[in-house]
Amino acid sequence: MISFVKAHACGNDFLLLEESVTRRNHAALARKLCSRNTSVGADGIEFLERRADGGFFLRLFNADGSEAELSGNGTRCVAAWLAFHEGLTNVALGTHGGPRTCVVLEDRRPVFVIESEMGMPRVMPRTIMLPEVGDVAGAMVNVGNPHFVVFVETEDFGAHGLSWQNLGERISTSPLFPHGTNVEFVRIESEEEIAFRIYERGCGPTTSSGTGTCASSAAAIALRGVRRELTAVAQGGIQRTAWPANDAVMRLTGPAEIVCTGEVWEL
């Protein structure tokens, strides 16, 4: 048996496993344990490595077994567990997308409100051409992992005659993005608020995304002139971003909740 922790951030749920139990079976464990019908169920697994110098490093594997650079929500879930289990309220977590520092602002266990430094976003307007769809205007945004942001005005977040889920899948798996991309559909609500939907690479539609929140906010700030401190509303709830300047680090604030701990059969 191997031990796990389950946590979620605005409904975007993750399992946390110690790197020491993986036996290098990261992808297989993700595919097995993330299955919602036959196992624990989650959008992905954060594998936590405890290094000899006392530092931490995370590897994120999506539900389909693919590895991603990082997850803002997943990182926050790990920080919540380290606060709950080990009393750490200010922790640096290494990821393949760069280091992320998390600070606990509120401890209402099992819910923690955490502010994370999310790096400096890079925003590049781009129009892509999809077969049977045509030109899709948007922006490529990198916040340690890749995103494509599409601005919409519709109530249902659809565009080009397609649902956001359908169009999101087509963009995410397009050969234009050889390694895939996360996709966000963003509607400007006011100068201080955006609403959005997420199609996550390697997972599909999710209720929330930390990096998706940052990518959506960065694109809205850079290309739509909204304020640099935003409320971002996804299906799973509200997160807040602050990006003081284009050459500054973006900060993301939101909740993370410890759901349960348990044991599951190893492979």
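Predicted model: local features only at pLDDT ≥ 70, side-chain atom pairs only at ≥ 80, totals over all residues.
## The buried face of helix 3

Helix 3 spans residues 164-172, and its buried residues are Trp164, Leu167, Gly168, Ile171 and Ser172. Viewed down the helix axis, these buried residues fall within an arc of 130°, so they line one face of helix 3. In an α-helix there are 3.6 residues a turn, so residues three or four places apart point the same way.

The buried residues of helix 3 pack against strand 9 (122-130), strand 10 (134-142), strand 11 (146-151), strand 12 (182-190), strand 13 (193-200) and strand 14 (204-206).

## Backbone geometry in the loops

Most residues other than glycine have a negative phi, and most peptide bonds are trans. Cys10 has a positive phi, near 55°. Cys10 lies in the loop between strand 1 (2-9) and strand 2 (12-18), and at 6% relative accessibility it counts as buried. His160 also has a positive phi near 55°; its loop connects strand 11 and helix 3. With a relative accessible area of 41%, His160 is partly exposed.

The peptide bond between Arg109 and Pro110 is cis, with omega about 15°. Pro110 is in the loop between strand 7 (100-108) and strand 8 (111-117).

Key. Residues numbered from 1 in each chain as written. Heavy atoms only, no water. Buried < 20%, exposed > 50% of the residue type's maximum accessible area, 1.4 Å probe, protein only. Helix = DSSP H or I, 4+ residues; strand = E, 2+ residues; numbered from the N terminus. Arc of directions from axis to C-beta. Contact = heavy atoms within 4.5 Å.
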